[in-house]
Amino acid sequence: QVQLVESGGGLVQAGESLTLSCAASGSIFKINAMAWYRQAPGKQRELVADITSSGNTNYVDSVKGRFTISRDNAQGTVYLQMNSLKPEDTAVYYCWSRVLLRFTLREFSSWGQGTQVTVSS
């Protein structure tokens, strides 16, 4: 019903930048919240940043001042600009969305497939 397609991951050196993108498609009436999570090897998945339909944002403390989440409501796309990357940012990054489905207006949450971000020291 809802598909999330991520792009932009890769291998960078510490201090460099990357931008992740996630495009939502499907039977969507309205996209409410969107977010980025990450999961490092051997660790639980954690929320990195989220953004509401009105643009309110929230960040985990470890990325504040370095990462910026934004969204293009017209395109149904969320971005994560990651600056000053550190080796501890290495993880698989997952996009998440909560939408209202077309026709039923039922709330529906979905995940992207994940994109690897590796930061070398």
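These entries record what I looked up in a predicted model of one protein.

**Basis.** I took the model as predicted, with residues numbered from 1 along each chain as its sequence is written, with local features needing pLDDT of at least 70, side-chain atom pairs counting only at pLDDT 80 or more, and totals for chains, interfaces and linings using all residues. Side-chain values use heavy atoms, with hydrogens and water left out.

**Overall fold.** I looked up the secondary structure and found zero helices and 11 strands, where helices (H or I, at least four residues) and strands (E, at least two) are DSSP runs numbered from the N terminus. The radius of gyration is 14 Å, close to the 14 Å that the globule rule gives for 121 residues, so the protein is as compact as a globular protein of that length; the radius is taken over C-alpha atoms, and the rule is 2.2 Å times the number of residues to the power 0.38. The C-alpha trace spans about 50 × 25 × 20 Å along its principal axes. I noted that 40% of the 121 residues count as buried, where buried means under 20% relative accessible area, exposed over 50% and partly exposed in between, with a 1.4 Å probe and protein chains only. Of the contacts (heavy atoms within 4.5 Å) with a separation of 6 or more, 56% come from residues 24 or more positions apart.

**Strand 1.** Strand 1 runs antiparallel to strand 3 (residues 18-26), and six bridges join them; two strands pair if DSSP finds at least two bridges between them. In this pairing, Val2 stands opposite Gly26 in strand 3.

**Arg102.** I next looked up Arg102, which lies in the loop between strand 9 and strand 10 and is partly exposed, at 39% relative accessible area. Leaving aside neighbours within four places in sequence, Arg102 is in contact with Gly26, Ser27, Ile28 and Phe29. Arg102 and Gly26 are 76 residues apart along the chain, and their C-alpha atoms are separated by 8.9 Å, while a polar atom of the Arg102 side chain lies 3.5 Å from the backbone oxygen of Gly26.

I found two aromatic pairs in the structure; rings of Phe, Tyr and Trp (its six-membered ring) pair if their centres lie within 6.5 Å, and planes under 30 degrees apart count as stacked, over 60 as edge-to-face and the rest as tilted. The rings of Tyr37 and Trp111 are edge-to-face, because their centres are 4.9 Å apart and their planes stand at 65°. Tyr37 lies in strand 4 (residues 28-39) and Trp111 in strand 10 (residues 107-111), so this pair ties together parts that are 74 residues apart in sequence. Trp111 is partly exposed, at 41% relative accessibility. The rings of Tyr94 and Trp111 have centres 6.5 Å apart and planes at 85°, so this pair is edge-to-face. With Tyr94 in strand 9 (residues 91-101) and Trp111 in strand 10, the parts tied together are 17 residues apart in sequence. Tyr94 is buried, at 15%, and Tyr37, Tyr94 and Trp111 form one aromatic cluster.

Definitions and conventions. Polar contact = N/O pair within 3.5 Å; in protein donor to acceptor, adjacent residues only side chain to side chain.
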